[in-house]
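Work through the following exercises with the sequence and the model side by side, trying each task before reading its solution.

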Amino acid sequence: MNIHVDYVGEVKFVEKQNSHHEEEIVTEEAENLEQEVEENQESEVIEPEMNEESELESLQKQVDELENKYLRTQAEYDNFRRRTREERSADAKYRSQKLAEELLPAIDNFERALAVQSDHEEVNSLLTGMEMVYRQLKDALAKEGIEEVGAQGEEFNPHLHQAVMQVESDEYDSDVIVEVLQKGYKLNERVLRPAMVKVSS
């Protein structure tokens, strides 16, 4: 009878140990499962954050590229406007150049004709009329910014004058215009024709 009780007690003790062991296993599995869930949750939280940061970096890069393109385009447009403005200004400034160059030979002929001296009244009357036309032409050229260059007594300037002869002179210092053989003209800062001159040596 006692043996049976001991056996039953032993059996119960074994069952209790097995039950306790199973509880530990279940508890351990539950803890492992809970840990996996937490890790999954953390990875799910980190992954969207990384995706958002990557997307923000990509968008910022696109914004920077667009801004650079805009600045380049703006700079090119400003340069284009500046060039156009300069070209228009030059066109307006020198618009009379071609006409002036074609009129200069006529001006020269007027001056040669007006240099003639005569005692005849008819000739002098004709010269007076020619002088009036000559003055009108000179005034029209002056209004367009065309002026003579090269006058007797001026210092020789190779940018404005063309020396065709050098002569000794007691009246003038060296490199001074002694005589103007053909008048020169310039339009604003641009030389249309250099003056042909004699220069003192």
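A salt bridge is a side-chain nitrogen of Lys or Arg within 4 Å of a carboxyl oxygen of Asp or Glu. The model is predicted, and a search of the whole structure finds 10 salt bridges in it.

**Exercise 1.** Find out which parts of the chain are tied together by the salt bridge between Glu 144 and Arg 95.

*Solution.* Begin with the distance: the closest N and O atoms of Glu 144 and Arg 95 are 3.4 Å apart, and the cut-off is 4 Å. Finally, consider accessibility: Glu 144 is partly exposed at 31%, whereas Arg 95 is exposed at 58%.

**Exercise 2.** Describe where the salt bridge between Lys 98 and Glu 102 is placed.

*Solution.* The closest N and O atoms of this pair are 3.7 Å apart. Both residues belong to helix 2, where they are 4 residues apart, about one turn of the helix, and both are exposed.

**Exercise 3.** Examine the salt bridge between Lys 138 and Glu 148, and name the network to which these residues belong.

*Solution.* The N to O distance is 2.2 Å. The pair links distant parts of the chain, with Lys 138 in helix 3 and Glu 148 in strand 1, 10 residues apart. Lys 138 is buried, its relative accessible area being 16%, whereas Glu 148 is partly exposed at 34%.

How values were computed: Residues are numbered from 1 along each chain as its sequence is written. This is a predicted model: local features need pLDDT of at least 70, side-chain atom pairs count only at pLDDT 80 or more; totals for chains, interfaces and linings use all residues. Side-chain values use heavy atoms; hydrogens and water are left out. Buried means under 20% relative accessible area, exposed over 50%, partly exposed in between (1.4 Å probe, protein chains only). Helices (H or I, at least four residues) and strands (E, at least two) are DSSP runs, numbered from the N terminus.
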